[in-house]
Every structure is written in structure tokens, then in C-alpha cells.
Amino acid sequence: MVELSVGSVSAARLRAVRILMGVAALGALAAAFGAIESVADAGTATMMVETWRLYGFITFAGLFALLGWRPRSYRWLWEIVILNKLLLTITAGAYAAGVLGPGEVDGAAIAVVSDGILTAILLVAYVLGEGWRSR
């Protein structure tokens, strides 16, 4: 039988990390597929931003998959990814509340929920996998 533990992380905790990060990766891929239409429908003023967003979903799907596959192999990657999602959640909240920007920004409330859930998933996986011990 193959041992699933990594350092002091039990097989059950490692499995939970992999499931959580797999869900995150699949969610990012689903968002990427959903963003294809936005790129196709974008005008010249927003096409680059929509393309950047699409590529960001694909990039994060890969990052989530890497963190799930080898949760202790990428020094500082957990923290960078968590910080990105946390900042997106905070910024979206400020946009949704009208604190930043010209008033309530379209899509901000949905981003608060989706990035907020993703931040929580990342934090749980980080703790379960003891991501701070990455080498």
C-alpha cells in the first residue's frame, strides 16, 4: 500500500487537502470555461481585461492542482495564493459596498461570495496540510 502522509500530515488530512484543492481547481476550470464567452463578446475596451481574467482562471486552476498534488513542495505558494484570494475578497467587498469606486460595481457581490469561499477553502487546506512547512 502507498503511504499518503507527507511529513507529519496524516493520510486522512492529506486526502482532505487534495479533495479541497481538487474542488478549487475544478471550480477555476469551470470559471475559465464560463469566461470564454465573455472574451468572445468583449468589445475593444474590455477584451484584454476579459482575456487576462480567463488566463487567470486557468493559472489558478494549475496552482490549486499543484498545491493539492504536493502541498509541502512549493515554499510560499500557499501564502501567495491565499493573499491573492483574500485581497480579491476584500476589494470586491469594498466595491460592493460602494466604498471604493464610483458606487456599487457590477459583479462585486458575486466575487465576494466566490472568492470568500475560495479563501476559506484555501485556509482550511493550508491548516490541514500544514502548508507553512513547505520546503
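Helices are runs of at least four residues assigned by DSSP, numbered from the N terminus. In this predicted model, the chain follows the pattern α-α-α-α when read along the sequence. Taken along the principal axes, the C-alpha atoms fill a box of roughly 55 × 30 × 20 Å. Of the 135 residues in the chain, 33% are buried. Among contacts with a separation of 6 or more, 64% join residues 24 or more positions apart.

A pair of aromatic rings is described by the distance of the centres and the angle of the planes. The count here comes to three aromatic pairs. In one of them, the ring centres of Phe60 and Phe64 are 5.7 Å apart and the planes meet at 55 degrees, so the pair is tilted; planes would have to be over 60 degrees apart to count as edge-to-face, or under 30 degrees apart to count as stacked. Both residues belong to helix α2, which covers residues 47-69, and they are four residues apart, about one turn of the helix. Phe60 has a relative accessible area of 15% and is therefore buried, since buried means under 20%. Phe64, with a relative accessible area of 1%, is buried as well. Elsewhere, ring pairs link Trp78, Tyr126 and Trp132 into a cluster.

Rings can also have a charge as a partner. The charged end of Lys85 sits over the ring of Phe60, at 4.2 Å from the ring centre. Phe60 thus has a ring partner in Phe64 and a charge over its ring from Lys85. In a second case, the charged end of Arg70 sits over the ring of Trp69, 5.3 Å from the centre of that ring.

Rolling a probe the size of a water molecule over the atoms shows where empty space is left. The largest pocket has a volume of about 1,000 Å³. It is lined by 30 residues, and the closest to its centre are Arg53, Phe57, Lys85, Leu88 and Asp115. Helices α1 (11-41), α2, α3 (77-96) and α4 (108-128) each supply at least two residues of this lining. The most comes from α4, which gives eight residues. Sorted by class, the lining of the largest pocket holds 20 nonpolar, six polar and four charged residues.

Ala96 lies in helix α3. With a relative accessible area of 24%, Ala96 is partly exposed, because that value falls between the limits of 20% for buried and 50% for exposed. Leaving aside residues up to four places away in sequence, Ala96 touches Glu104, Ala108 and Ala109. Ala96 and Leu14 are 82 residues apart in sequence, and their C-alpha atoms are 36 Å apart in space. Val99, in turn, is found in the loop between α3 and α4. Its relative accessibility is 64%, so Val99 counts as exposed, the cut-off for exposed being over 50%. Val99 and Val112 are 13 residues apart along the chain, with 14 Å between their C-alpha atoms.

Methods:
Residues are numbered from 1 along each chain as its sequence is written. This is a predicted model: local features need pLDDT of at least 70, side-chain atom pairs count only at pLDDT 80 or more; totals for chains, interfaces and linings use all residues. Side-chain values use heavy atoms; hydrogens and water are left out. Rings of Phe, Tyr and Trp (its six-membered ring) pair if their centres lie within 6.5 Å; planes under 30 degrees apart count as stacked, over 60 as edge-to-face and the rest as tilted. Buried means under 20% relative accessible area, exposed over 50%, partly exposed in between (1.4 Å probe, protein chains only). A charge sits over a ring if NZ of Lys or CZ of Arg is within 6 Å of the ring centre and within 35 degrees of the ring normal. On a 1 Å grid over the protein atoms alone, a cavity is a set of points where a 1.4 Å probe fits but cannot get out, and a pocket is an open set with protein on both sides within 12 Å along at least five of seven lines; lining residues have an atom within 4 Å of a point. Grid points are joined across faces, edges and corners, and a volume is the space filled by probe spheres set on the points. Ala, Val, Leu, Ile, Met, Phe, Trp, Tyr, Cys and Pro count as nonpolar, Asp, Glu, Lys and Arg as charged, and the others, Gly among them, as polar. Contact means heavy atoms within 4.5 Å.
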